[in-house]
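Please find below a briefing on selected features of one protein model. The sequence and structure come first, followed by notes grouped by topic.

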Amino acid sequence: MLLSSPSPRWRLLGGLLLPLMLTACGSTAPSAPSPSAPAPLSVKGAIIFPPRAGKAVFGSGTGSQFVPLAQTEVKDTGEFDLVLPPDLPGGAGTPLPLVPAGLWGDVRRSFCTGQPVSSEPTAQLRVLDQGQYSVGGVVIGELSPMPQALAGEVTSQNRVLINKLTTYVHADRAVSVRGMVSCTLERTSGAQQQATIEIRYQFERGWNMVQVQTEQPSDSSASTTLAQTAPLQPMTWRFLEVQPPSGR
């Protein structure tokens, strides 16, 4: 299957690479998840350089619009405690993108082939990938998962690790997703780069963590990306200032 799509800022690669269609197709109704409800998940986190204490609303922007899922007060240091809901409202699931777009901030579009295989094609998933930061009820910033740049670090395979990123994913049931995808990435400069993505997702019902890391021997060579589930850990978010609405 061949896809081509533009790259919106900080949407997961549902548009940038190849979306993994995990929602029901046609008129087929999703099968019911396990009746045993998971517990709420309490996590710690930090926002890099917020201007002052405020309120953060975290949610998913994978679909056509931002969907708020959880909120919390943030200290002036950027630290916070966040409680993620055990279950999401019905219909909240979306197609799960392969990897976060933050790994390739200068990629304009992509052409990909390959289709990962899901053990539960009707599983409903939601990625926590965006946020809004407000002070006194006025939104002053946007939030996105903070990539960890590791350029120059030599791995055990003698490849240079150029980027790593983590984010939370909610699943309404246990589901595994595995497969390989090959892509041609077109950068904003017009240059093209080959990329291979290996998917190893093993989701439990409730909240999970996805870790994505990309390795590349040199700027001109092909990149290799491994996307897999990982143990839950605190997340760091990036703050980007926005102008408040006029008249406020």
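Ser-176 counts as buried because its relative accessibility is 19% (buried: under 20% relative accessible area; exposed: over 50%; partly exposed: in between; 1.4 Å probe, protein chains only). The model is predicted: local features need pLDDT of at least 70, side-chain atom pairs count only at pLDDT 80 or more, and totals for chains, interfaces and linings use all residues. Residues are numbered from 1 along each chain as its sequence is written, and side-chain values use heavy atoms, with hydrogens and water left out.

- Ser-176 belongs to strand E13 (residues 175–187); strands (E, at least two residues) are DSSP runs numbered from the N terminus.
- Leaving aside residues up to four places away in sequence, Ser-176 touches Val-117, Ser-118, Ser-119, Tyr-201 and Gln-202 (contact: heavy atoms within 4.5 Å).

- E10 and strand E17 (residues 235–241) run antiparallel and are joined by 5 bridges.
- Within E17, Glu-241 is the bridge partner of Gly-141.

**Met-146**

- Met-146 is located in the loop between strand E10 (138–145) and strand E11 (153–154).
- Met-146 counts as partly exposed because its relative accessibility is 32%.

Note on methods:
Helices (H or I, at least four residues) and strands (E, at least two) are DSSP runs, numbered from the N terminus. Two strands pair if DSSP finds at least two bridges between them.
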